[in-house]
Amino acid sequence: MSFNQDLDEHGAWRKQFALRLKLLSEWLTDRDLMEAGVRERLEQLHQQVRDDRIMVAFVAEFSRGKSELINAIFFANYGRRIMPASAGRTTMCPTELGYDPEVPVCLRLLPIETRLQPQSLLDWRNAPDKWERVELDVNDPRQVAKAIQKVAEVRRVSQHEAESLGFWNDELPEDNPPMGPDGLVEVPKWRHALINLPHPLLRQGLVILDTPGLNAIGAEPELTVSLLPQAHAIVFILAADTGVTKSDLTIWRQYLAPQDGEIDARLVVLNKIDTMWDALSSPEQVDLQIAAQRTDSAETLGLQPSQVLAVSAQKGLLAKISRDASLLEASKLMDLETALGQGMLEQRRRILRASVSRGIQLLRQETGQLVHTRARDLVEQIQELEGLRGKNVGVIRQMRLRIEQEQADFDASGAKIQAVRSVHLRLLKDLFSLLGYTHLRNEVSALARALKQPGIKLGVRRAYNHTFERLGSDLQRADKVAGEIQSMLEGSFRSLNAEYGFSLQPPSPPQLQQYARDLEAIERSHLQYLSLGNALRLAQPEFAERLARALISRLRVVYETAVNEIELWNKSAAAQLDAQLRERRRNFTRRIEAVSRIQQAAGGLDDRIRELQGQQADLHVADAHLAELTEHLLTQPQEPVRDTATA
């Protein structure tokens, strides 16, 4: 199965899931089960699947055929090249291809001069007016391809300006771009490009990251610190005839080599195998040469041979456009697509479904508690009314007075429940302060100052280690506070359950350990910049400034994600308590109404008991159907979803 087919299947699952979630939401609303906590959980699940993105990053030194490979895998259906893939340098700036229906179909380009300003790339994403926008006509592939050629545009600047922008370093002459006779240096015109295109694969959440060569990669820390680590798969392209060159090995070791404990979703592609098709050699001899090159490349990069594939992107693109099955087979392009689908995509799918499964189980638990509370109240009401059979008017009047007294006592107990909320909120405040942006910025300030010091930064590694030790310690403290809150909730809920007959269950605590792992990944991704080989680059104040911005930007995303999980945990606990308080008050109202009806009509007792028994039966059916609906959310799509929520 090709990558495109695998992604189609994944997209179909996401669409089916969204529809089933919508049906469940409508069913819960119709049965008055849509409490605040349940609504919050549903919205989180819907957003999680709707916004799921699968990023594939393509990385290579110049002239390895990277853009042609992107064309062959993703855009052959246009009948022409979409990404610029002519000889020489093509993609001069990092380019993301994706689709957001809230954004016009267009190409957006961020001027290279923004590197001289203090905002991070994440900040610039939230300032759309600072990007140059070029409209794209999806019905005209020629216009789209011509517009996207802009990612290859360059500017000629002075050596001083090139140095300020991060493209020139006197201490690293081998990394500098050539200087023209006029003394000017060629640099990219754009810092970053975003292409919003309603391609079928991009609609399903695929994001393609096309990166420039070594010089541009090293000059943009946010690319290697933020974007590449977020990619679910990295495709590293080499030339089949040369294998791993010195510059290829530099990119691999500094930016791409998998770290200890990291899930390895990297594929290496030996491109342009058609250059090895030799009329003087037999196909078997050519295959042996390619196999030897694959083995050598795998050994050099420390990978399994299965992670190194050999293809011809140009012949694969031509074969797809001309529908030449034999040429497509010879290009080996489908082997790469299969590896992408079965490896990276299947791994991503498992992770997403495991996360969704946990959310559905919590949703089932929270909704089930509400159903259980109502069922228990119905049993109590029926037993209470059964006890009135054959009783006189005075006994019924006394029962009403007793219910009214119970209601008054319950209302008076609000101070105790409010005390639980107060302690909970105080501990939460401590937790949010540990993970807030102000605290994060203060913790990173010492490292930022060390990075911004002029010249060789001898103490920066020490500051770096201390910073991440403090951040790790903060997360441990936050985890401890979360544990204290969880213990407090468990004790308080047990007490309230015993005293008031509630069925409160504390929600699962936030899993802050995963954010500690994220910190470790960020720490590893920065280590490359603290090596002796990067000391000269780090000595540049402009580069060090960009590195500091990239670090705080990446950390901020991790901390905001952790805060969002804590907020959901808090809302789930509060919503449970609110729901049971409401149910108890409704129960008092229904009991008083039932006694009043019995006082007014002789046959009212039997009618009310039958009515409650009918509600009891309906609730039992609803509970069974709820289990069916939530289980249905986890199944693979085999056929179109029918509206079973009306049952």
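Two notes on conventions. Residues are numbered from 1 along each chain as its sequence is written, and side-chain values use heavy atoms, with hydrogens and water left out. Because the model is predicted, local features need pLDDT of at least 70 and side-chain atom pairs count only at pLDDT 80 or more, while totals for chains, interfaces and linings use all residues.

I start with the sheet. It is open, has nine strands, and runs in the order S4-S3-S7-S2-S8-S1-S9-S10-S11 with mixed pairing. Strands here are DSSP runs of E with at least two residues, and helices are runs of H or I with at least four, both numbered from the N terminus. Two strands pair if DSSP finds at least two bridges between them. At the edges are S4 (132–135) and S11, each pairing on one side only. Neighbouring strands are turned by 20 degrees against each other on average, direction ignored. For that angle, axes are lines fitted to C-alpha atoms, for helices over the stretch in contact, and angles run from 0 to 180 degrees between N-to-C directions.

Now S7, residues 190–196. Seven of its seven residues are buried, where buried means under 20% relative accessible area, exposed over 50%, and partly exposed in between, with a 1.4 Å probe and protein chains only. S7 pairs with S2 (residues 95–98) in the parallel sense over four bridges, and there Thr95 has Ala193 as its bridge partner.

Rings of Phe, Tyr and Trp (its six-membered ring) pair if their centres lie within 6.5 Å; planes under 30 degrees apart count as stacked, over 60 as edge-to-face and the rest as tilted. The count comes to 10 aromatic pairs. One of them is Phe410 with Tyr500, edge-to-face, at 5.6 Å centre to centre and 90 degrees between the planes. What does this pair tie together? Phe410 lies in helix H15 (residues 393–412) and Tyr500 in helix H18 (residues 460–500), so the pair ties together parts 90 residues apart in sequence. Both Phe410 and Tyr500 are buried.

Another pair is Tyr464 with Phe468, which is tilted, at 4.9 Å and 50 degrees. These two are four residues apart in H18, so about one helical turn separates them. Tyr464 is buried at 2% relative accessibility, and Phe468 is buried at 6%.

Two arginines sit over rings. The rule asks for NZ of Lys or CZ of Arg within 6 Å of the ring centre and within 35 degrees of the ring normal. Arg556 lies over the face of Tyr437 at 4.1 Å from the ring centre, and Arg584 over the face of Phe410 at 5.9 Å.

Last, Ser312, in the loop between S11 (308–310) and helix H12 (313–322). Is Ser312 buried or exposed? At 0% relative accessibility, Ser312 counts as buried. A polar atom of its side chain lies 3.2 Å from the backbone nitrogen of Lys315. Leaving aside neighbours within four places in sequence, Ser312 is in contact (heavy atoms within 4.5 Å) with Asn271, Lys272, Ile273, Asp274 and Ser331.

Definitions and conventions
A polar contact is a pair of N or O atoms within 3.5 Å; within protein, one must be able to donate a hydrogen and the other to accept it, and residues adjacent in sequence count only if both atoms are side-chain atoms.
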